[in-house]
Amino acid sequence: SLTVNETDELFANLQRAITSLSLTQTGALITIERTDDLTALMQKNGNKVNAPVTPELLGTIFYKGTPLHDGALIIRGVTIEAASVFFIPSTKALSGNYGARHRAALGISEVCDAVTIVVSEQTGRVSIAYSGEIISVNRDNIKDVLKDYLSD
């Protein structure tokens, strides 16, 4: 379990990264592990990263053209465990214009308790998928929204 300081720093770094990704319309899929262990999924596909969560590293990973920009990044604690992890997309009927990233985010949220943040490449819009639901969130409130989802 994370200390208050670790949690605050993680949320601040995610806030900065997501704001930047959103403003530049850089598509991103960021999954934060909770109690369900995602190790098997990371071993099946994806690339081990094992690095601290920093806005600069998140920006670099999702920069279009880098080998890791497709797929999801998985965070465990304060560490980026893996990148370019592919999830089984949801088959749920969705209203609105949702692409592959949103379907993948919804798909992982249907099978575990992780919280997944999606940044749309088309619009820069930020969404959160959790427990089989996907909601749009204001990028300026991402820290508060994450606190709600990730506090025990």
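Visitor: In which strand does Thr116 lie?
Guide: This is a predicted model. Look along residues 115-119. Thr116 lies there, in strand β5.

Visitor: Is Thr116 buried or exposed, and what is its relative accessible area?
Guide: Buried means under 20% relative accessible area. Thr116 falls under that cut-off, so it counts as buried. Its relative accessible area is 0%.

Visitor: With which side chain does the side chain of Thr116 make a polar contact?
Guide: Leave aside the neighbours of Thr116 within four places in sequence. Its contacts then include Leu29, Ile30, Thr31 and Ser127. The polar contact, at 2.9 Å, joins the side chain of Thr116 to that of Thr31.

Visitor: Which residues of β5 point the other way from Val115, Ile117 and Val119?
Guide: In a regular strand, side chains alternate between the two faces of the sheet. In β5, Val115, Ile117 and Val119 point one way, and all residues on both sides are buried. Pointing the other way are Thr116 and Val118.

Visitor: What is the bridge partner of Ala28 in β5?
Guide: Strand β1 (residues 28-32) and β5 pair in the antiparallel sense over five bridges. β5 is also joined to strand β6 by four bridges, again antiparallel. There, Val126 in β6 stands opposite Val119. In β5, the bridge partner of Ala28 is also Val119.

Visitor: Which residue in the turn of the β5 and β6 hairpin has a positive phi?
Guide: Six residues sit between the two strands of this hairpin. One in the turn has a phi of about 80°: Gly124.

Technical notes:
Residues are numbered from 1 along each chain as its sequence is written. This is a predicted model: local features need pLDDT of at least 70, side-chain atom pairs count only at pLDDT 80 or more; totals for chains, interfaces and linings use all residues. Side-chain values use heavy atoms; hydrogens and water are left out. Buried means under 20% relative accessible area, exposed over 50%, partly exposed in between (1.4 Å probe, protein chains only). A polar contact is a pair of N or O atoms within 3.5 Å; within protein, one must be able to donate a hydrogen and the other to accept it, and residues adjacent in sequence count only if both atoms are side-chain atoms. Contact means heavy atoms within 4.5 Å. Two strands pair if DSSP finds at least two bridges between them.
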